[in-house]
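Hi,

Here is the structure I promised to pass on to you. Please have a look, and then read on for what turned up in it.

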Amino acid sequence: MTAATATTKLSVGTWAIDPVHSSIAFSVRHLLVSKVRGHFTTFSGAVVVAEDGTPSVTAEIAVDSVDTRNEQRDAHLKAADYFDAENYPTATFVSTGVRESGDKYVLDGDFTLRGITKPVSLDLEFNGTNPGMGHGEVAGFTASVVLNRKDFGIEVDMPLETGGTVVGDKVTITLEIEALKQV
């Protein structure tokens, strides 16, 4: 029996995000005491490694694919108060650079949501590559970032009688990405 081992180098070429084996999740403070969690079910993207080894990343998320396990809340998130999915159906990310940070990396890029583009920096962990299971080589990544929803025009404030708001300003985005080497 042979075990496939992960390697630590991403080879030159295009690596397409595999949405079946990846996830884009978020959490946001609710009522000051807990967090609401959700994810997006429809997204795509790629990591392209140039001949000189320089990587670049692009990604697109269909914001109307938001799923918090509550249809009423999901409908509100898709509405003009939040994502305004009718006018801005996608959120996008385009990298501007990758830099080392200890034994991990920082992925810098421009994130666009609701037509507003802001620079963001994601904490990135490269989990290695694997020969895959007969469909080609795969690479794995874990990334996260904390965004302020108000930076992207999501200004809704529902104040609580006791102070604070129903929904917090900081949103934590967590990505678990598996990418398949394209031939």
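Phe152 is buried in this predicted model, because its relative accessible area of 3% is under the 20% cut-off. Its partner is Phe111, and the two rings form an edge-to-face aromatic pair, at 5.4 Å centre to centre and with 80 degrees between the planes. Phe111 is also buried, with a relative accessible area of 14%. The pair links distant parts of the chain: Phe111 belongs to strand β8 (residues 104-113), while Phe152 is in the loop between β10 (138-148) and β11 (167-181), 41 residues apart.

A tilted pair is found too: the ring centres of Phe126 and Phe141 are 5.3 Å apart, with their planes at 35 degrees. This pair also joins distant parts of the chain, with Phe126 in strand β9 (residues 116-130) and Phe141 in strand β10, 15 residues apart. Phe141 is buried, at a relative accessible area of 11%.

How many aromatic pairs does the structure hold? There are 4. Phe26, Phe40 and Phe83 form one aromatic cluster.

Now to the pockets. The second largest pocket has about 150 Å³ of space. Its lining is made up of Asp18, His21, Asn130, Gly132, Met133, His135, Gly136, Val138, Glu178 and Leu180. Of these lining residues, 5 are polar, 3 nonpolar and 2 charged.

How values were computed
Residues are numbered from 1 along each chain as its sequence is written. This is a predicted model: local features need pLDDT of at least 70, side-chain atom pairs count only at pLDDT 80 or more; totals for chains, interfaces and linings use all residues. Side-chain values use heavy atoms; hydrogens and water are left out. On a 1 Å grid over the protein atoms alone, a cavity is a set of points where a 1.4 Å probe fits but cannot get out, and a pocket is an open set with protein on both sides within 12 Å along at least five of seven lines; lining residues have an atom within 4 Å of a point. Grid points are joined across faces, edges and corners, and a volume is the space filled by probe spheres set on the points. Ala, Val, Leu, Ile, Met, Phe, Trp, Tyr, Cys and Pro count as nonpolar, Asp, Glu, Lys and Arg as charged, and the others, Gly among them, as polar. Rings of Phe, Tyr and Trp (its six-membered ring) pair if their centres lie within 6.5 Å; planes under 30 degrees apart count as stacked, over 60 as edge-to-face and the rest as tilted. Helices (H or I, at least four residues) and strands (E, at least two) are DSSP runs, numbered from the N terminus. Buried means under 20% relative accessible area, exposed over 50%, partly exposed in between (1.4 Å probe, protein chains only).
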